[in-house]
Amino acid sequence: MRAAIITASDSGYAGQREDLSGSAIREILEQNGYEVVRQILLPDDRKMLAEEMARIADEGEAELLLTTGGTGFSPRDCMPEATADVSERMVPGIPEAMRAYSMTITPRAMLSRAAAGIRRQTLIINLPGSPKAVRESLIYILPALGHGLDILTGRASDCARK
């Protein structure tokens with residue numbers, strides 16, 4: 001499966017901060033057999049983020065699109081809204097699972113506004129902004145994603161286990 005990564009960070013986009021979370025996502029994906037076809041750093045700009053997510057999905061560039069950053073309470077945090085803007089169908093179970101798991105680590109997990117959705121044959125998932133939280137969340141959800149992506153892309157047609 002092909003994957004793309006979008007990091008939302010005003011300071012990273014301005015060259016004032018290294019994108020450690022995007023790099024953590026890439027490392028985990030590649031260790032699990034995903035081909036990372038795109039990794040981009042954008043500012044916390046709803047329109048720019050939505051346009052890039054839509055482009056990746058509409059051009060069929062990746063089946064999995066993971067984002068990091070922009071899911072908190074800051075006035076500039078807009079990743080869940082950008083994700084909702086481009087999603088044809090929402091997938092609430094994934095961020096719910098990440099929050100539930102993360103709550104076993106820190107009560108601050110309840111403050112995440114992460115979202116997930118589907119556009120065409122691309123699954124879009126918002127991950128947290130910190131490298132530690134990215135690792136915890138992605139490692140937790142990754143085992144279940146393969147089946148969902150197989151169903152989404154038509155590689156599998158039956159959800160029943162044999």
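Visitor: Which element gives the most to the lining of the second largest pocket?

Guide: In this predicted model, the answer is α6, which contributes 8 residues to that lining. The second largest pocket has 15 lining residues, and V91, I94, L123, L145 and G148 are those nearest its centre. Two or more residues of this lining come from each of α5 and α6.

Visitor: What makes a residue count as part of a lining?

Guide: A lining residue must have an atom within 4 Å of a point of the pocket, and 15 residues line the second largest pocket. The space inside this pocket comes to about 260 Å³.

Visitor: How is the lining of the second largest pocket divided into nonpolar, polar and charged residues?

Guide: There are 12 nonpolar residues, 2 polar ones and 1 charged one. Since Gly counts as polar in this scheme, G148, which lies among the residues nearest the centre, belongs with the polar residues.

Visitor: What is the volume of the largest pocket, and which residues are closest to its centre?

Guide: Its volume is about 770 Å³. The lining has 36 residues, and T71, P128, G129, S130 and A133 are the closest to the centre. By class, this lining holds 12 nonpolar, 15 polar and 9 charged residues. The largest share, 5 residues, is again supplied by α6, while β1, α2 and α5 are also among the elements that supply at least two residues each.

Visitor: What makes β3 and β5 count as pairing partners of β6?

Guide: Pairing requires at least two bridges between two strands. Strand β3, residues 64–68, has 5 bridges to β6 and runs parallel to it, whereas β5, residues 116–119, is joined to β6 by 4 bridges in the antiparallel sense. I124 in β6 has L65 opposite and also G117 opposite. Strands β5 and β6 form a hairpin with 2 residues between them, and R120 in the turn has a positive phi of about 55 degrees.

Methods: Residues are numbered from 1 along each chain as its sequence is written. This is a predicted model: local features need pLDDT of at least 70, side-chain atom pairs count only at pLDDT 80 or more; totals for chains, interfaces and linings use all residues. Side-chain values use heavy atoms; hydrogens and water are left out. On a 1 Å grid over the protein atoms alone, a cavity is a set of points where a 1.4 Å probe fits but cannot get out, and a pocket is an open set with protein on both sides within 12 Å along at least five of seven lines; lining residues have an atom within 4 Å of a point. Grid points are joined across faces, edges and corners, and a volume is the space filled by probe spheres set on the points.
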